[in-house]
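Here is a short note for a colleague opening this entry. Please read the points with the structure in view.

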Amino acid sequence: MAKVIAAIDQGTTSTRCMLFDHGGNVAGVAQKEHHQIYPQPGWVEHDPLEIWAHTQEVIAGALAAARAKPGEIAAVGVTNQRETTIVWDRKNGIPLYNAIVWQDTRTKETCDALGKDSGQDRFREKVGLPLATYFSGPKIHWIIENVPEAHAAVEKGDALFGNLDTWIIWWLTGGPQGGAHVTDVTNASRTMLMNLASLDWDEEILSIMKIPRAMLPRIVPSSDPTGWGFTSREGPFAAAIPVCGDLGDQQAALVGQACFNPGEAKNTYGTGCFMLLNTGTRPIPSRSGLLTTLAYKFADQPATYALEGSVAITGALVQWLRDNLGLISSSAQVEELARTVEDNGGIYFVPAFSGLFAPYWRSDARGAILGMTRYINKGHIARSALEATAFQTREVLDAMEKDSGVRLKTLKVDGGMVVNNLLMQFQADILGVPVQRPKVTETTALGAAYAAGLASGFWTNLDDLRANWQVHTTWEPQMLEEQRAHLYHGWLKAVERTFNWIA
């Protein structure tokens, strides 16, 4: 008898498998980090075969941790780092190049060329996105144009494209032996190739970017009762389990936070930081530097849209303090180090390592620490790194309220950084609204589980999912408005100093 839902959460730094019971509680979990590959400045890659190997390992680990049998799993859902691009050979599953990660900036020239005459918003009306190195379409174009093996495979009709959701689902359902080549509407909406109105690949944009439709996956609902296939009995689940849930990681967190009503929003603090606002069944064009994207599509119901503010570097900045500077030996130590000082000492850390995403979309920006004096010590650097996350969130929230006309009353938060109490209190202070952390903070995996569970009948409706959501901690703003305005003004001034670094 089915007792749990399995969710595969393939993130930027690690892959996890989590099992959830009907109450949305974690029954078992296993996680494994993968390597970050930096061939040259601005380039970021992953090894797709390593990620698939780790996926198989964490599935086995989660089953063992939960002492669950394959027959007790009702369905499988997948969530993934979005925009990260893989092209592989359909005959054998061998990647034709490493996965190009969403943070990678090598496609700047491609994006500049595409926008030379029409500007950064050339395709925005159709796809809701600016021309930026962030998205998958220019990455696919780069691989086809610069990797001879990939170009040859495309010419032969043997090349397949997918983000990490497509890659994992293809392997789970058989790989070269008939694996399902699909992606859901949320991931498709991050390629710069899907028309927001038709929810299908846009032929004009495909032609402009010279990407053949034949290599693209079929676009499906995020929660699909018809399913896309079953896990192989020879695979890591060792059983035929329906694969029927698929969401990009930030949309999965929106679902996991039960933000099903227009006007509800969440912010996820991971490698980057991503705020999504449910805007209902119509897309809202952004005039404030946000992205218009898909929130989810359940079965044959109308699609739900969202406004999104994407910040490239948040948790990754803490990792940088750990791995590159050696200021801390574990990410958890950053809060302790930041608490050794009372404030940021007058410095601001703008982590534009991959340029700036929302609301600026400046690929010419680079990271900087501003306001340095001899008074500054490593505690101030740690504190300013945490504050950078909160300031960037404030910028996104301001843009979101401007576009939507909705004044946010409470911000739901999730992701790895929300265990940092210093950061969460400063976030509430700089926003001037309460910040709420749920009992289950890893809502990305939970959202993927919900998508698969709705499709398989494990959960009946959205009210079941709303009933699972419970507050764990609320941070109320304590900062005076004058201080809030002073600090934020300093941040905006610091951000401007990072512009035009790359000619």
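1. Start with the rule for ring pairs. Rings of Phe, Tyr and Trp (its six-membered ring) pair if their centres lie within 6.5 Å. Planes under 30 degrees apart count as stacked, over 60 as edge-to-face and the rest as tilted. By this rule the count comes to 27 aromatic pairs. One example is Tyr450 with Trp459. Their centres are 4.9 Å apart, their planes stand at 90°, and the pair is edge-to-face. Keep in mind that the model is predicted.

2. Are these two residues buried or exposed? Tyr450 has 1% relative accessibility, so Tyr450 is buried. Trp459 has 0%, so Trp459 is buried.

3. Some rings group together. One aromatic cluster is formed by Trp102, Tyr134, Phe135, Phe274, Phe357 and Trp361.

4. Charges also sit over rings. Arg106 lies over the face of Trp43, 3.7 Å from the ring centre. Lys412 has its charged end over the ring of Trp469, at 4.2 Å from the centre.

5. Now the helices. H10 covers residues 315-325 and H12 covers residues 378-404. Their axes come within 8 Å and cross at roughly 160°. Angles over 145 degrees count as roughly antiparallel, and H10 and H12 are therefore roughly antiparallel to each other. The crossing of H10 past H12 is right-handed.

6. Which residues meet where H10 and H12 make contact? On H10 they are Leu317, Val318 and Leu321. On H12 they are Ile381, Ala382, Ala385, Leu386 and Ala388.

Definitions and conventions. Residues are numbered from 1 along each chain as its sequence is written. This is a predicted model: local features need pLDDT of at least 70, side-chain atom pairs count only at pLDDT 80 or more; totals for chains, interfaces and linings use all residues. Side-chain values use heavy atoms; hydrogens and water are left out. Buried means under 20% relative accessible area, exposed over 50%, partly exposed in between (1.4 Å probe, protein chains only). A charge sits over a ring if NZ of Lys or CZ of Arg is within 6 Å of the ring centre and within 35 degrees of the ring normal. Axes are lines fitted to C-alpha atoms, for helices over the stretch in contact, and angles run from 0 to 180 degrees between N-to-C directions. Helices (H or I, at least four residues) and strands (E, at least two) are DSSP runs, numbered from the N terminus. Angles under 35 degrees count as roughly parallel, over 145 as roughly antiparallel, 65 to 115 as roughly perpendicular and the rest as oblique. A crossing is left-handed if the near helix is turned anticlockwise from the far one by less than a right angle, and right-handed if clockwise. Contact means heavy atoms within 4.5 Å.
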